[in-house]
Amino acid sequence: MTLKGKKFLLGVTGGIAAYKAAQLARLLVKEGADVRVAMTEAATRFVTPVTLQALTGQAVWTDLWDPRVRDNMGHIELSRDRELIVVAPATADFLAKLAGGLADDLLSTLCAARRSPLLVAPAMNVEMWENAATQRNVHTLRGDGVHFAGPAAGDQACGEVGMGRMLEPEEILAEIEALFQPKPLAGKRVLVTAGPTEEPIDPVRVITNASSGKMGYAVARAAREAGARVTLVSGPTALDAPAGVQRIAVRTAEQMFEAVKKLAPDSDLFFGVAAVSDYRVKNRAAQKIKKGAGGGMTLELIENPDILAWVAALKDAPFCVGFAAESEKLAENAQAKRAKKDVPLLVANLAQRALGADDSEVTLFDDDGRHPLGPAPKLELAREIVAHVARMLAGEKRTRAKA
Ligand code: C5P
């Protein structure tokens, strides 16, 4: 529970997504956070202060001139003890106000007078989001250090489809949690491989591994949360790139290898999470192979390069973390793999328990022995793996593949 006891000001502005602010307030309260709500006048047209009062168990503030604030310094007092201001939804109008430093109602004044960080979750029609003025304001706000959660693309309340949908409350909650993560990898360049690779047999058939990419994406996200600059080289997955992570999409092991070859020498850390196909088809058919009249079929396979072993063997290798999914004898196989690839840290799990799932259970193997983690959601495991790596780096343990 990263958010237990944390003090938030939840600002709600006037858009249809305001109804989701009620759910966000509820999620924050469930996490044990202290949630004070300030609404704009327009927001109260979409959701009533009574709703947010009931959900947070606190008075809701809407008026700059509220006589309940004894010294009439509500615009300062109400945000002074807050650790984060979250504005969800944040309308185009409100972003414009923030960017311009305007303070003409309670919420904009609280933001202008804040000492705490500010996270906004924009919500607006696609044209409003793409409007040059809005984009200019977003750019200004990012430059001012304002954090953005979303928006996402998708169906909009107005019937149009496109960028501008507010993130779901659960996603905003995850962004808030991310802000409170420690930053032990600040300034580090991190390279992550994730997902399966696909090795074509013919134009429509492939050899691949059963991998959802979830663990690799979670590692990329956790590294980003820890302050690193992260590049994710990903095979085909159904996942969205984590916020703030640069993704390079590849298909085959050879393409993944090419991308890694370019990036690894300039990286401080390398996480090889991808389930790289060990073999590719020697003679890929240019046309779809027709089914024969009974009988079998033989494919000639050739071995793919071992990307992790290549990175670990670089003269100035980044700190390398290998991942291994085993189906039996976890410790034995993992230790053998760690030695063979010569990496300081190997994360192993039983494939049967993790494939495609949101939760997993892993064991870390390093020079100090074994460290079991989980069962837990993959993002939580990824955060712990990143924290373990940061401790190894700080402790100046063996951080090079070649000692
Ligand atoms: O497939 P294997 O169990 O050997 O994978 C262990 C580790 O090696 C993983 O971190 C995986 O990403 C990496 N690997 C690789 N290139 C390969 C095979 C595996 O980078 N061709």
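The ligand is surrounded by 13 residues, the closest of which are G272, A274, F323, K337 and K341; a residue is taken as near a molecule if one of its heavy atoms lies within 4 Å of it. The structure is a predicted model, in which local features need pLDDT of at least 70 and side-chain atom pairs count only at pLDDT 80 or more, whereas totals for chains, interfaces and linings use all residues. Residues are numbered from 1 along each chain as its sequence is written, and side-chain values use heavy atoms, with hydrogens and water left out.

A polar backbone atom of A274 is 2.7 Å from an oxygen atom of the ligand, and a polar backbone atom of L308 is 2.8 Å from a ligand oxygen atom. A nitrogen atom of the ligand lies 2.8 Å from a backbone N or O atom of P305.

Helix α11 spans residues 253–263, and its residues A253, M256, F257, A259 and V260 are buried. Helices (H or I, at least four residues) and strands (E, at least two) are DSSP runs numbered from the N terminus; buried denotes under 20% relative accessible area, exposed over 50%, and partly exposed in between (1.4 Å probe, protein chains only). Viewed down the axis of α11, the buried residues fall within an arc of 165° and so line one face of the helix, the arc being that of the directions from the helix axis to the C-beta atoms. These residues pack against β9, β10, β12, β13, β14 and α12, contact being defined by heavy atoms within 4.5 Å.

The structure holds 21 salt bridges, each a side-chain nitrogen of Lys or Arg within 4 Å of a carboxyl oxygen of Asp or Glu. In the bridge between D358 and K214, the closest N and O atoms are 3.0 Å apart. D358 lies in the loop between α14 and β19 and K214 in helix α10, so the pair ties together parts that are 144 residues apart in sequence. D358 is exposed, at 52% relative accessibility, while K214 is partly exposed at 25%. A salt bridge also joins the side chains of E225 and R383 (2.7 Å, N to O). As E225 belongs to helix α10 and R383 to helix α15, this pair ties together parts that are 158 residues apart in sequence; both residues are buried.

Conventions:
Polar contact = N/O pair within 3.5 Å; in protein donor to acceptor, adjacent residues only side chain to side chain.
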